[in-house]
Amino acid sequence: MKKTDILIANRKCHIYEGEKAEFLLVQPIDEHDLEVLDKEVEAIASLTRKAFTLVAFEVKNWQEDLTPWSAPAVFGKSPFGDGAAQTLGFITTELISSLIEMSLFDEISMKCLLGGYSLAGLFSLWAGYNTAMFYGIAAVSPSVWYQGWIDYASANQPQALSFYLSLGDKEEKTKNAVMSQVGNCIRTQHDMFEKQGIRTILEWNNGNHFQDSHGRTAKAFAWLMTND
């Protein structure tokens, strides 16, 4: 695949362009994700025959730019912010407009997927409730333990058509009282989708939160493309 690194609205974006792509994959990433991004793209291509273009954009402040409302710190001393709306606005306006101008996205012939890992997975879930732009959402080890998330999900209607959920089978086995609820929360989230008639799956991966993030994300995107 052709790889291009560019700036869009002062954000670093990494584009993997597929020929005659049927899907546009959008992913917020941090430094760790960037290190394994090539491997992720290779893994996606090995798991599906669907043609795709992946656009990953770097997030400067993980705990500010990806969370929908402010919340107290859970790990470390930094609290969470409310920058998710601004980040979603970047995707739906600047990013998509630039990709259309570059002939990398056709709103008629291509389906757009949004996905991410950890807090980026939570952001993707939230975005799936706030715009119909995304055909599918890949929420990989999402931070559904986030304060107020389950209440929000219970009170709102998803707008995306498909949701992939996954979690490591050791992630809920933590001494952190808040984060230990992640297993119960993701089961609740999955049950909600099923009762709402949403196309969904909850997949359990081996290991804790920090294992094989690129492989898990690749499986998520591949599932959404294969089960469209």
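The paragraphs below go from the nonpolar cores of this predicted model to its aromatic rings. Local features need pLDDT of at least 70 and side-chain atom pairs count only at pLDDT 80 or more, while totals for chains, interfaces and linings use all residues. Residues are numbered from 1 along each chain as its sequence is written, and side-chain values use heavy atoms, with hydrogens and water left out.

A nonpolar core is here a set of buried Ala, Val, Leu, Ile, Met, Phe, Trp, Tyr and Cys residues joined through side-chain atoms within 4.5 Å, where buried means under 20% relative accessible area, exposed over 50% and partly exposed in between, with a 1.4 Å probe and protein chains only. The largest such core holds 54 residues, and L24, I91, L95 and W149 have the most contacts inside it. Apart from it lies another core, of 23 residues, among them I29, L37, Y117 and M225.

The structure also holds 15 aromatic pairs, that is, rings of Phe, Tyr and Trp (its six-membered ring) whose centres lie within 6.5 Å, with planes under 30 degrees apart counted as stacked, over 60 as edge-to-face and the rest as tilted. The rings of W69 and W149 have centres 6.4 Å apart and planes at 15°, so this pair is stacked. W69 counts as partly exposed, at 22% relative accessibility, whereas W149 counts as buried, at 0%.
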